[in-house]
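My entries follow in the order I made them.

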Amino acid sequence: MTDHTFTVNLPSEGAEVPVLRVAGDLDYHTAPRLREALEALPLAPGGGAVLDVTDLNYCDSTGITVLIAGYRRAQAAKSSIVLAGLNPDLTRVFEITGLDQVFTFHATAEEAVKALREG
């Protein structure tokens, strides 16, 4: 049986650059929680948000679908979502699927926030 441990920590209200922290396994069972969190993210034109996946261990195709939906929502709002803290396995998944050409990656959430502020 798979352990479906998964947490999403929402950004603090009023943050200049919201940081959504995701941990555990992102799969069919847990993806709806990330979908809800991404839909609740405040996205303003010219702004952006950070999805910190430093503690994300696994991401299946359902999780990737949710990330793409979040990306599309950000694009529609003339905003952006960047990813921070990808481990080598997740980086490889994003390279194989071509999503490394869609998302911007940063080593840490702090670097991502700084990049979005300097925009």
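Entry 1: I began with Ala84, which stands opposite His106 in strand 5. Before going on I noted that this is a predicted model, where local features need pLDDT of at least 70 and side-chain atom pairs count only at pLDDT 80 or more, while totals for chains, interfaces and linings use all residues. Residues are numbered from 1 along each chain as its sequence is written, and side-chain values use heavy atoms, with hydrogens and water left out.

I also wrote down the terms. Helices (H or I, at least four residues) and strands (E, at least two) are DSSP runs, numbered from the N terminus. Two strands pair if DSSP finds at least two bridges between them.

Strand 4 and strand 5 (residues 105-106) are parallel, with 2 bridges. Between them the chain passes through helix 3 (residues 88-97), and this β-α-β crossover is right-handed. That term means that, with the strands pointing away from the viewer, the path from the first strand over the helix to the second runs clockwise.

**Entry 2: strand 4 and strand 3.** I checked how covered strand 4 (residues 80-84) is: 4 of its 5 residues are buried. Buried means under 20% relative accessible area, exposed over 50%, and partly exposed in between (1.4 Å probe, protein chains only). Strand 3 (residues 48-59) pairs with strand 4 in the parallel sense over 5 bridges.

Entry 3: In what order do the strands of the open sheet lie? I read 1-2-3-4-5, with mixed pairing. Strand 1 (6-9) and strand 5 are the edge strands, each pairing on one side only. Strand 1 and strand 2 run antiparallel and are joined by 4 bridges; Val8 stands opposite Val22 in strand 2.

**Entry 4: the nonpolar cores.** A nonpolar core is a set of buried Ala, Val, Leu, Ile, Met, Phe, Trp, Tyr and Cys residues joined through side-chain atoms within 4.5 Å. The largest one has 26 residues, and Leu34, Leu51 and Leu56 have the most contacts inside it. Strand 3 gives the largest share, 5 residues. I listed what Leu34 touches (heavy atoms within 4.5 Å): among others Phe6, Val8, Leu20 and Leu51, not counting residues up to four places away in sequence. Another core, of 9 residues, lies apart from it and includes Val17, Ala84, Ala112 and Val113.

**Entry 5: helix 4.** Which residues of helix 4 (residues 109-118) are buried? I found Ala109, Ala112, Val113 and Leu116. They cover an arc of only 100° around the axis, so they are on the same side of helix 4; the arc is that of the directions from the helix axis to the C-beta atoms. Glu110, Lys114 and Glu118, on the other side of helix 4, are exposed. Strand 2, strand 3, strand 4 and strand 5 are among what covers the buried residues of helix 4.

**Entry 6: aromatic rings.** Rings of Phe, Tyr and Trp (its six-membered ring) pair if their centres lie within 6.5 Å; planes under 30 degrees apart count as stacked, over 60 as edge-to-face and the rest as tilted. I counted 3 aromatic pairs. Phe94 and Phe105 are edge-to-face, at 5.6 Å centre to centre and 85° between the planes. Phe94 lies in helix 3 and Phe105 in strand 5, so the pair ties together parts 11 residues apart in sequence. Phe94 counts as buried because its relative accessibility is 3%, whereas Phe105, at 27%, counts as partly exposed.
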